[in-house]
Structures are given as structure tokens and as C-alpha cells.
Amino acid sequence: MLNGTEDEEKWLAEGIAGIQHNAFYMHRALDSNNLREALKYSAQMLSELRTSKLSPHKYYELYMRAFDELKRLELFFKDDSKHGVSVVDLYELVQHAGNILPRLYLLCTVGSIYIKSKEAPAKEVLKDLVEMCRGVQHPIRGLFLRSYLAQISRDKLPDIGSEYEGDADTVMDAVDFVLQNFTEMNKLWVRMQHQGPGGVREKREKERSELQDLVGKNLHVLSQIEGVDLEMYKETVLPRVLEQVVNCKDDLAQYYLMDCIIQVFPDEYHLQTLETLLGACPQLQPTVDVKTVLSRLMDRLSNYAASSADVLPEFLQVEAFSKLSNAIGKVIEAQLDMPAVGAITLYVSLLTFTLRVHPDRLDHVDQVLGACVKKLSNIPKLEDSRAMKQVVALLSAPLEKYNDIVTALTLSNYPRVMDHLDIGTNKLMAMVIIQSIMKNNSCISTADKVEVLFKLIKGLIKDIDGADVDELEEEDFKEEQNSVARLIHMLYNDEPEEMLKIICIVRKHTMVGGPKRLPFTVSSLVFSALRLLRQLQGQEGDIVGEEASMTPNKIFQLLTQIIESLSAVPSPELALRLYLQCAEAANGCDIEHVAYEFFTQAFLLYEEEIADSKAQVTAIHLIIGTLQRMNVFGVENRDTLTHKATGYSARLLKKADQCRAVYACSHLFWVDDQDGIKDGERVLLCLKRALRIANAAQQMANVARGSGGPVSLFVEILNKYIYFFEKGNKQITSSAIQGLIELINTEMQSDSTNPDSVADAFLASTLRYIQFQKQKGGVMGEKFESIKL
Amino acid sequence: MNFLIGAFKPACNISITFSDGKSRKQVPMKKENGKTIMVSLFQSKESIAGKVSIEPLQGKKIEHLGVKVELLGQIEMYFDRGNFYDFTSLVRELDVPGDIYERKTYPFEFSTVEMPYETYNGANLRLRYVLKVTVSRNYGGSIVEYQDFIVRNYSPPPSINNSIKMEVGIEDCLHIEFEYNKSKYHLKDVIIGKIYFLLVRIKIKNMDLEIRRRESTGSGANTHVETETLAKFELMDGAPVRGESIPIRLFLSPYELTPTYRNINNKFSVKYYLNLVLVDEEDRRYFKQQEIAIYRQQDS
């Protein structure tokens with residue numbers, strides 16, 4: 001048994017055989033100039049095209065065979081010396097054929113000669129042909145017949161400048177002819193959908209799409225007619241084509257033809273007829289993929305705009321943007337069940353269009369976004385991931401175009417669009433925005449913009465209701481928050497006042513970020529504020545007293561508040577560091593009480609919040625380090641603080657830590673500055689105390705483990721001795737150093753001491769240093785001379 | 001043997017020629033034996049003149065009781081074989097009884113002969129015009145010779161020639177309106193028209209226009225009707241939809257038509273009909289028949 005395709009092959013083969021058979025006799029008749037026989041056999045040959053059994057694809061093969069034969073017949077007809085019949089008579093003669101299909105093929109063939117002979121005006125013959133072809137109502141046969149008509153008439157249209165151009169207005173005749181043929185072909189094409197056996201819709205659509213170019217060819221021909229100028233296109237061609245497109249109510253045809261119109265006619269025509277063209281869009285079937293059609297149109301127009309700057313005024317003149325925008329609105333309104341992704345895709349296209357055509361018109365961009373917001377707000381929740389992608393594309397487009405987030409920030413609808421993203425996408429988009437800022441190194445310099453920006457990225461700034469926080473990967477979260485922190489550094493204005501506003505805004509936003517975010521953002525914020533402080537100092541002369549809110553005091557208050565927020569986290573270590581930073585800044589500003597206050601806060605934290613011994617070690621060293629650099633304090637305050645610091649140092653848990661903290665404290669009494677405090681006695685006290693602790697540590701180690709403790713502690717203390725010795729602390733004597741070295745040597749040689757290569761090396765290089773200083777000579781050399789190694 | 005053969009041969013050759021035979025138009029005519037010969041064409045009220053020449057066979061004389069020529073218009077019914085009905089019969093005596101020894105020629109003339117009916121060759125009858133020369137004899141039977149000629153009468157274009165316009169249909173199934181540009185066509189005419197589809201609920205496969213000839217003979221209970229389809233012309237291929245209009249252009253010249261004959265001598269009628277036939281996919285036929293009149297127009 002044969003299946004469908006094999007059957008078709010068989011029928012096709014039979015058809016071809018039939019054509020060849022009759023063509024053979026036709027050729028014989030042609031060779032012997034026998035018109036009668038030629039007509040008979042050509043009609044029989046063409047009868048093979050009457051088959052209904054072939055798919056369009058196969059029918060086309062058959063048609064092409066017949067087409068080739070008709071060309072030979074045409075040559076014969078043309079030469080009336082061969083058959084002796086005038087073309088007028090011939091035109092009648094072929095109409096005697098009983099079957100319509102062969103009759104009309106022959107009529108078209110003779111008709112083409114008739115036009116060429118110019119015995120009748122081209123328009124009359126064309127009109128007759130296109131009218132007579134109505135007799136074939138079978139879709140496939142009709143389409144091919146009319147396509148044959150289009151083919152043979154192409155070069156014979158009474159176009160301007162054509163030899164067939166008749167009296168006035170013949171271009172109109174040419175246009176009428178092509179339009180009519182187009183209309184009829186389209187009707188036939190559409191009808192294919194509804195005729196024939198039911199079911200297998202897909203197959204039928206596939207077959208139809210194989211035939212689409214036959215229909216579209218007519219539009220191509222129209223576009224080639226010289227006489228179709230803008231005026232005629234606007235008044236006649238386009239309205240009539242669109243009328244047909246709209247009225248056929250067939251989605252396949254509408255989609256194809258709209259696209260065809262867009263592709264075959266010149267850009268400037270589209271531009272000048274936008275209203276008409278777009279007016280048709282909402283009238284199309286709901287299933288038509290209007291968005292692709294419009295996208296293509298906009299693509300073409302944007303390319304056109306890009307092609308030359310000269311055409312831009314045209315765009316403005318016809319208000320291309322507002323027309324497109326209206327059209328899109330109407331389409332979306334009309335097609336209620338258009339999925340969100342479709343609508344958004346349209347907006348993306350429009351946005352791309354306006355970005356390319358009117359890059360200066362931000363209001364347009366905003367308008368598009370606004371329309372999109374409107375659409376999105378009608379959708380309860382955007383769940384389609386493709387739609388989401390389109391929204392991201394929509395939001396990314398302006399960023400890419402302007403390479404500058406600042407531009408996007410002026411778009412009031414931008415954040416409103418972002419509101420419609422789901423949480424994940426929202427964050428993604430926020431990251432894109434931040435990355436864009438980073439990449440372009442853009443500086444956001446006004447408070448308003450900062451406000452907008454933070455609204456945009458609020459997905460990163462705070463928890464959004466309903467977000468499943470646990471789901472978030474720790475690492476991603478860190479990256480996000482680091483990005484935010486980096487972003488904060490990009491906000492800068494030379495004008496302190498504005499900068500303060502910016503900081504306040506950032507603070508307002510970041511404070512709601514919750515304990516997980518604060519540690520990331522607070523430090524950025526603090527440093528940002530500190531920068532402002534320095535800025536202020538730089539300009540101090542100019543603004544002092546001018547503006548009450550701008551005093552450093554105010555900023556310090558702000559800083560305090562910011563850092564206090566960390567208590568909620570809690571993150572005492574970080575807070576402590578920040579307090580110290582602030583204290584240093586206060587020192588820079590020469591405001592003693594503020595600096596003191598910050599230290600107080602730092603100590604309070606140390607006392608109350610920092611329990612971990614390792615953290616305490618770090619903290620105390622930080623405190624000591626900072627305190628050492630402070631020069632703002634009066635004696636009393638300084639004493640209090642140093643006393644505190646040394647006190648805490650001595651109360652650290654591990655002896656080694658105690659020891660190190662205490663010798664570090666020695667620096668608090670010896671600041672190697674012009675005006676620095678130089679209290680040699682207390683330095684010595686500290687160092688001695690450190691030595692005592694080291695000794696104790698050593699003994700504890702002996703007792704506890706039976707082995708020697710940290711010799712390195714002694715070496716470290718030795719280094720401190722040497723330092724202060726060098727710096728001229730009179731309390732530190734060469735004999736003390738000498739004694740310490742001996743002590744270390746003794747300790748190292750004791751049995752109980754474990755060999756410690758690091759300590760050995762440390763000691764060795766320390767001794768080498770002393771040696772070096774001795775040999776250097778000069779003042780320093782003399783000083784060291786007394787130390788015996 | 002020669003003698004015997006000679007005995008059955010006609011005693012003379014009779015030939016009939018028309019005086020304007022060389023200039024007169026000749027048209028083909030199909031004879032009973034199927035052969036086509038060319039014969040002279042006349043129309044009513046023409047004078048029919050010519051010569052009859054009688055040539056006895058070599059060395060024979062013909063004794064006759066008189067020679068005459070008749071002009072006969074006959075209607076011959078095939079089902080009533082042999083029964084000629086002469087509707088016209090004119091006689092000219094050419095010679096008084098006597099002998100003919102050698103070739104003798106008689107001129108004759110029927111002037112302004114009324115020949116109201118056209119020569120017609122139908123399915124069941126024929127109408128013929130013939131010249132009959134009779135050489136009457138006492139013995140051996142009379143010698144008779146015939147000469148056919150054809151009569152065609154031309155009509156002026158009708159003063160009233162309305163189009164045929166009609167709406168027909170089957171309820172809720174098919175409604176069409178058709179229009180033929182005229183009701184009266186001459187033989188070389190073109191039928192121009194249109195068919196509008198007002199409602200189509202059946203799957204039409206194609207549509208033809210047929211030209212049918214209805215020949216009725218006899219009268220009353222003896223009426224014989226023969227219908228013949230002379231033309232089958234495809235107007236449309238495929239199924240139209242509502243609102244479609246299909247053009248008609250049918251050239252009549254390729255078909256062998258005659259004018260419409262109405263009640264010729266109370267013996268017969270020949271009428272023509274246009275039959276519009278729609279065929280659906282199940283090969284059901286829907287048709288509507290309309291009579292048209294056909295007339296013969298003088299060639300310009």
C-alpha cells in the first residue's frame with residue numbers, strides 16, 4: 001500500500017507525463033505552424049493543472065513544467081506569420097476552450113502578446129484578464145493561475161516611463177490591476193484555510209505558508225512600480241492593501257502581509273504613513289503576532305534613522321514616536337489576552353526605537369516605561385519568566401544606551417517598572433544597575449538622584465515582604481551587599497551640603513536593611529561621612545559659621561547615630577573600629593570632647609560587648625594604636641584613656657597577650673613627634689611590667705607543661721627597649737638592654753626551653769641590628785657602644 | 001453485357017445549374033450518406049433562375065411526355081419515413097411531349113420565391129429546398145434529377161433585447177443571481193454575463209454553462225422532443241464564497257447553431273436554452289435553464 005507521499009509522487013509523475021505527452025504534440029504542431037492543433041494540445045497539456053490531488057509544493061513542480069511550455073507557445077503566438085491569425089482573433093480563439101483553467105492560461109499568454117502588440121491599451125487587456133481569472137475559485141489552482149498572470153504582466157504594466165504608458169492616469173490602472181490581483185489572490189489564499197478536508201490544521205498552515213510568496217509577490221510588484229509615489233502610496237495603495245489585510249480576518253495572512261508591507265516599501269513611505277499603517281494593527285486578529293510586526297517596523301525605522309542624520313527631521317515632523325506609542329497602546333488594549341510578554345516585548349521595541357531615533361528625548365523613554373507600568377499594574381503578578389526577561393531588557397536598554405545610570409535616574413517610571421519584577425529579578429536588575437555604575441565609574445552627585453537610585457535598588461537594601469531569606473546563598477548575599485557598599489562610595493558631591501544630604505538619604509535607606517546588611521553598609525557610610533568631614537576641613541575657611549547644620553559636630557552626631565545602629569546587629573568589633581576611626585577624625589578636627597566621646601564608646605563596647613578573648617586582643621591593640629595617634633586630648637583626658645588602655649591590656653586573658661598589649665601601651669607615653677608626649681618613666685614602667693608578665697608566662701609554662709615558654713616575648717620586649725633607647729628615652733639604659741639580652745640568652749640555654757627557630761632568628765637579627773648600630777658609628781654608634789654582646 | 005448495363009443506366013444526363021452559380025455563395029451541406037458537398041445559398045424572395053440541360057446517352061433518343069422543373073420546400077419527418085410534406089411547390093413546364101435526340105437546354109426562372117423557412121437538418125426531421133427536374137415517360141419510368149440548395153434568412157437586430165436577470169436558489173443552501181446581457185443572440189454573438197453568489201452553503205466543485213437545443217416535432221400526443229447539448233462551457237472551477245461574482249463570456253461561433261424556429265409550418269420548433277449547471281462535490285447537479293432566442297444576422 002502506498003502512503004500519502006508516495007501517492008503524491010505517483011500523481012505528480014503522472015501529471016508530468018501528461019504534460020510531456022501533450023507538449024510533444026504541441027511542439028509538432030508548432031513546428032508545422034498548425035494553430036488549430038497547437039491550441040488543442042496546449043489546452044490538453046494545461047488540463048493536467050486541473051488536478052486536485054497535489055500539495056502546493058508538488059503542484060508548483062507541475063506548474064513550472066507547464067510554464068516552460070507556455071513560453072514556447074507564446075513565441076509561436078507572437079509570430080503571426082506562422083499562424084496567420086491576428087492577435088485580436090487569437091484572443092477570441094483561445095476563449096473557445098471548454099475548460100476554464102486551460103482557457104485562462106491561454107488567455108493570459110495571448111493577452112501578454114496582445115499588450116505587446118499595442119493593438120489595445122494595456123489597461124484594457126489587463127483589466128479583462130484579471131477579471132476573467134475570477135472563474136477559477138479553487139484556491140491552489142487560482143493562486144497559480146493568478147501568479148502566472150502576475151508573472152506575464154510584470155513588464156507590461158502601464159507604468160510611468162513604460163512603453164505601455166497610455167494617456168493620463170495609467171499608473172492608476174497599473175496599480176488597480178496589481179491591487180485587484182493581489183486582493184483576489186489573498187482571498188484564495190485565506191480560503192485554503194477553510195476549504196478542503198477538516199482537521200490537520202498544522203499541515204494546512206504549512207501548505208499555506210509555502211504559498212505565501214505568491215501573494216506577497218504582488219506587493220513587491222507594487223513597490224516596483226515607478227509611478228507609485230508617496231502620494232499614491234498614501235492615498236491608494238496602502239489603504240487598499242490594508243483594507244484587504246484587515247478584512248481577510250486570517251491570522252497567517254495578516255501577519256505575513258503586514259510584514260511584507262513593512263519589508264517591501266521604502267522607509268520614508270512608512271514614516272509618512274505611520275498613522276495608517278499603525279491604525280491597522282489593532283484591527284488584526286487577536287492571534288496575530290502584532291508585536292513582531294511592530295518590532296520589525298520599528299527596527300526598520302530605527303535603521304533608517306541611523307542611516308543618515310538628514311532623515312531625522314522627518315521623524316520629528318511626523319511625530320513617529322507618539323504615533324508608534326499610541327499604536328502600541330491600542331494594540332495592547334485591543335488584544336486583551338495578549339500575554340504580558342508580548343506587551344512588554346512591544347515596549348522594548350518602542351524603547352529601542354526611541355533610544356536610537358531620539359536619544360535626546362528622555363521623556364520618551366520615561367513615557368514608554370510609564371506605559372509599561374500601566375500594563376504591568378493590571379497584571380496581578382508577573383510569573384512568566386520570559387516576560388520577566390523582557391522587563392529586564394526594557395530596563396537595561398537605557399542603561400546600555402546612555403552608559404550612565406544618572407540618565408536613568410531621571411526617569412520617574414524606572415523604579416515603578418522595577419517594582420513589578422519578582423524579588424530575584426529585582427535584585428538582579430539592581431545588580432545590573434550597580435555594575436553599570438561601577439563599569440562607567442559614574443558619580444552620582446545629587447541627593448535626588450541618590451534617593452531614586454536607592455529606590456531602584458531597594459531589593460538589595462532591605463528585605464522585601466515575602467522574600468525567602470534563607471533561600472539566598474550566603475555568598476550571593478555577600479556579593480550583593482559588597483556591591484551596595486561599593487556603590488555608596490560612588491556617591492559624591494563636591495558641595496558638602498549636598499553631600500550631607502546624600503549621606504542622610506543613604507542612611508535613611510540603609511538603616512532599614514536589617515542586621516544582616518548593616519555590617520556591610522554602615523562602614524561605607526561612615527567612611528563616606530568621614531570623607532565629607534575632610535572635605536569640610538579643606539574648605540573650612542570659607543564656610544565656618546555660615547551654616548549651622550554643617551558643623552563637624554553635626555556630622556559627628558550623625559556618625560554616632562550611624563554606628564549605634566550596629567548595636568542592633570550586633571557587631572561590636574566593627575562598631576569599635578568605626579568609633580576609633582571617628583575618634584581619629586575628631587582628632588583631625590581638633591574637637592577634644594567628641595574624640596573623647598568616641599573613645600568612651602569604644603571602651604564601653606570593649607567592656608560590654610567584646611567578650612571573646614581574641615577579639616579583645618585585636619580590639620585593645622586597635623585602641624592603643626589609635627590612642628597613640630591622638631593629640632587632641634588634654635592631660636587629664638589622656639591620662640584617663642591611657643590608664644584605661646593599659647588597665648585593659650594587663651587584664652587580657654592570655655599572658656602572652658597581656659605582655660604584648662602592655663608593651664604596646666608603652667607607646668602611649670612616647671609619641672615620636674615634635675610636640676608629642678615623652679614620658680620616659682612611664683614607658684619604662686610599661687616595659688618592666690611587660691617583662692614581669694613575660695616572666696610569669698614563662699614560669700606558668702614551665703609549671704604547666706614542663707617546658708619553656710615564649711622566649712620570643714622577651715625578644716619583642718628587647719626590641720621595644722632598643723626602640724626607646726634609640727629615641728633617646730633616658731630611662732632606658734644600655735645596661736638594661738644588656739641585662740635583657742643576658743636574660744634571654746639564659747632562658748634560651750635553659751634545658752627546659754624548647755628550641756624555637758623563629759625566636760632564634762628574631763633574636764639573631766635583633767642582635768645583628770645592635771651590632772650594626774654599633775659599627776655605624778656617630779651618635780648612635782656611641783650610644784650602642786656601651787652594650788656588650 | 002454492354003447492352004444489359006446500358007439498360008439500367010439512365011437514358012440521359014440531367015444537369016441543373018443556376019444562372020449566377022459562379023458568383024453565388026456556396027455553403028457546405030451534409031448529405032444523407034455523410035458526405036459534405038457545397039451547394040448554393042439563397043434567401044427568401046430571391047429569384048431562382050438557371051438552366052436545365054438534358055443530354056441523352058450517345059445515340060439514344062428520349063421519348064417523353066413532357067419536361068418540368070419544380071421548386072419544392074419539404075419537411076421530412078424521420079419517424080414518418082418517406083412522408084414528405086411539401087410546403088412550397090412551384091412548377092415550370094419546360095417542354096411539351098416529344099423526343100430529345102441531342103443535348104437540349106431549357107432556361108427556367110422562379111421569380112421572387114417565398115421561402116419563409118430555413119434549411120434545417122435536425123435530429124428528427126429535415127427541412128430542405130430542392131429543384132426537381134422530371135422527364136416524364138410512358139415506359140421505363142420518369143427520369144428525375146434533384147438539385148439541393150440552401151435557404152437562410154436574415155433577421156434585423158431585434159428592436160427590444162432585454163437582458164436576462166434572475167435570482168434563483170435553494171433555501172438556506174444556495175442563492176445565486178445571474179445575468180446574461182441579452183435574451184436574443186445572433187449566431188456569431190458572445191454571451192456576456194455574470195453570476196453572483198449570494199449564499200453558498202454547499203461545496204461547489206464547478207459550474208458550467210450549457211447551450212441546449214430543443215427540437216420538438218409533431219403536435220399534440222404525437223409530439224416528439226429531442227434535446228441536445230451543443231456546448232458545455234466551464235465557467236468556474238472550485239468553490240466560490242458568498243459575494244463572489246464570476247464572469248461569463250461565451251463565444252457562440254464555434255458551435256453549430258441555427259436560429260430559433262418557432263412552429264415552422266405547424267410541424268416543428270427548434271429552441272435554444274442556456275443551462276447554468278452547478279455541480280457539488282457529491283456530483284449533485286443544480287441547474288437553471290433559460291430560453292434564449294437566436295437569430296441570423298446579415299454578415300456585414
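Predicted model: local features only at pLDDT ≥ 70, side-chain atom pairs only at ≥ 80, totals over all residues.
The buried residues of helix H35 in chain A are Asp657(A), Gln658(A), Cys659(A), Ala661(A), Val662(A), Tyr663(A), Ala664(A) and Cys665(A). The helix is thus described as mostly covered, with eight of its eleven residues buried.

The loop between helix H35 (655-665) and helix H36 (680-705) of chain A holds Phe669(A). Is Phe669(A) buried or exposed? Phe669(A) counts as buried because its relative accessibility is 4%, and buried means under 20%. When residues up to four places away in sequence are set aside, Phe669(A) touches Thr642(A), Thr646(A), Ile677(A), Lys678(A), Asp679(A), Arg682(A), Val683(A) and Cys686(A). Glu636(A) is 33 residues from Phe669(A) along the chain, and the C-alpha atoms of the two are separated by 13 Å.

The secondary structure of chain A consists of 40 helices and zero strands. Chain A is more spread out than a compact globule, because its radius of gyration is 46 Å, well over the 28 Å that the globule rule gives for 789 residues. Taken along the principal axes, the C-alpha atoms of chain A fill a box of roughly 145 × 65 × 55 Å. Of the 789 residues in chain A, 53% are buried. Among the contacts in chain A with a separation of 6 or more, 72% are accounted for by residues 24 or more positions apart.

Helix H15 of chain A, formed by residues 290-307, has 18 residues. From its first C-alpha to its last, H15(A) reaches 25 Å, close to the 26 Å expected at 1.5 Å a residue. Which residues of H15(A) are buried? They are Val290(A), Val293(A), Leu294(A), Ser295(A), Leu297(A), Met298(A), Arg300(A), Leu301(A), Ser302(A), Tyr304(A) and Ala305(A). The cover over these buried residues includes helix H12 (251-264), helix H13 (267-272), helix H14 (274-280), helix H16 (312-317), helix H17 (320-334) and helix H18 (340-357) of chain A.

Lys249(A) lies in the loop between helix H11 (230-248) and H12 of chain A. Most residues other than glycine have a negative phi. Lys249(A), although not a glycine, has a positive phi of about 50°. The residue counts as exposed because the relative accessible area of Lys249(A) is 55%, where exposed means over 50%.

Lys449(A) counts as partly exposed because its relative accessibility is 21%. Apart from neighbours within four places in sequence, Lys449(A) is in contact with Val406(A), Leu409(A), Thr410(A) and Ile444(A). Of these contacts, Thr410(A) is 39 residues from Lys449(A) along the chain, and their C-alpha atoms are separated by 7.2 Å.

Chain B has a secondary structure of one helix and 22 strands. Its radius of gyration is 26 Å, whereas a compact globule of 300 residues would have a value near 19 Å. The C-alpha trace of chain B spans about 85 × 40 × 35 Å along its principal axes. Of its 300 residues, 47% count as buried. For contacts in chain B with a separation of 6 or more, residues 24 or more positions apart account for 66%.

Chain B exposes about 15700 Å², of which carbon and sulfur atoms supply 47%. Its charged side chains number 42 positive and 39 negative, and the centres of the two sets lie 3 Å apart.

Asp172(B) has its place between strand E13 (164-170) and strand E14 (174-180) of chain B, in the loop that joins them. What is the phi of Asp172(B)? The angle is positive, at about 55°, although Asp172(B) is not a glycine. Asp172(B) is exposed, as its relative accessible area of 54% shows.

Terms used:
Residues numbered from 1 in each chain as written. Chains lettered and ligands numbered in written order. Heavy atoms only, no water. Helix = DSSP H or I, 4+ residues; strand = E, 2+ residues; numbered from the N terminus. Rg over C-alpha atoms; globule rule 2.2 N^0.38 Å. Buried < 20%, exposed > 50% of the residue type's maximum accessible area, 1.4 Å probe, protein only. Contact = heavy atoms within 4.5 Å. Areas by Shrake-Rupley, 256 points an atom, 1.4 Å probe, with all protein chains shown as cover. Lys, Arg positive; Asp, Glu negative; His and termini not counted. Charge placed at Lys NZ, Arg CZ, Asp CG, Glu CD. Expected span 1.5 Å × (residues − 1).
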